[in-house]
Amino acid sequence: MEYKLFLFLLITVFFNQATYAQNKQFTVSGQIKDTKNGEDLISVTVFIPELEIGTTTNAYGFYSLTLEEGTHELL
């Protein structure tokens, strides 16, 4: 009985660590400005098509997205 409990706990810890290691995240952020006059662009959509997530810029043209590790196309 103790052997089965030990084995169960060992497997649980192993799979928990493997799952955690795959979820590395980072934040992409920036500011969008008009190229002609340098004004902040408000409510511009920033979108990652392959993940189907996005956000809009705030009143100062800033945006921020939290993504999983990898290469992503930003539109």
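**Entry 1: a charged pair**

I began with D40, which forms a salt bridge with K33, the closest N and O atoms being 3.1 Å apart; a salt bridge here is a side-chain nitrogen of Lys or Arg within 4 Å of a carboxyl oxygen of Asp or Glu. I noted that side chains of opposite charge can pair when their charged atoms come close. When I searched the whole structure, I found one salt bridge. I then looked up how open the two partners are: D40 is partly exposed, with a relative accessible area of 28%, and K33 is partly exposed as well, at 44%. For these words I used the cut-offs under 20% relative accessible area for buried, over 50% for exposed, and partly exposed in between, with a 1.4 Å probe and protein chains only.

**Entry 2: what I am looking at**

I remind myself that this is a predicted model, in which local features need pLDDT of at least 70 and side-chain atom pairs count only at pLDDT 80 or more, while totals for chains, interfaces and linings use all residues. Residues are numbered from 1 along each chain as its sequence is written, and side-chain values use heavy atoms, with hydrogens and water left out.

**Entry 3: the chain as a whole**

I read the order of elements from the N terminus as α-β-β-β-β, that is, one helix and four strands; these are DSSP runs numbered from the N terminus, helices being H or I of at least four residues and strands E of at least two. Of the 75 residues in the protein chain, 11% count as buried.

**Entry 4: a hairpin**

I followed strand 2 (residues 45–48) and strand 3 (residues 53–56), which pair in the antiparallel sense over four bridges; two strands pair if DSSP finds at least two bridges between them. The bridge partner of I48 in strand 3 is I53. Four residues lie between the strands of this hairpin, in which E52 takes a positive phi near 55°.

**Entry 5: T57**

Is T57 buried or exposed? I found T57 in the loop between strand 3 and strand 4 (62–68), and T57 counts as buried because its relative accessibility is 3%. The side chain of T57 reaches the backbone oxygen of L41 at 2.8 Å, and a polar atom of that side chain lies 3.0 Å from the backbone nitrogen of S43. Leaving aside neighbours within four places in sequence, I listed the residues in contact with T57 (heavy atoms within 4.5 Å), and among them are I32, V44, F62 and Y63.

Terms used. Polar contact = N/O pair within 3.5 Å; in protein donor to acceptor, adjacent residues only side chain to side chain.
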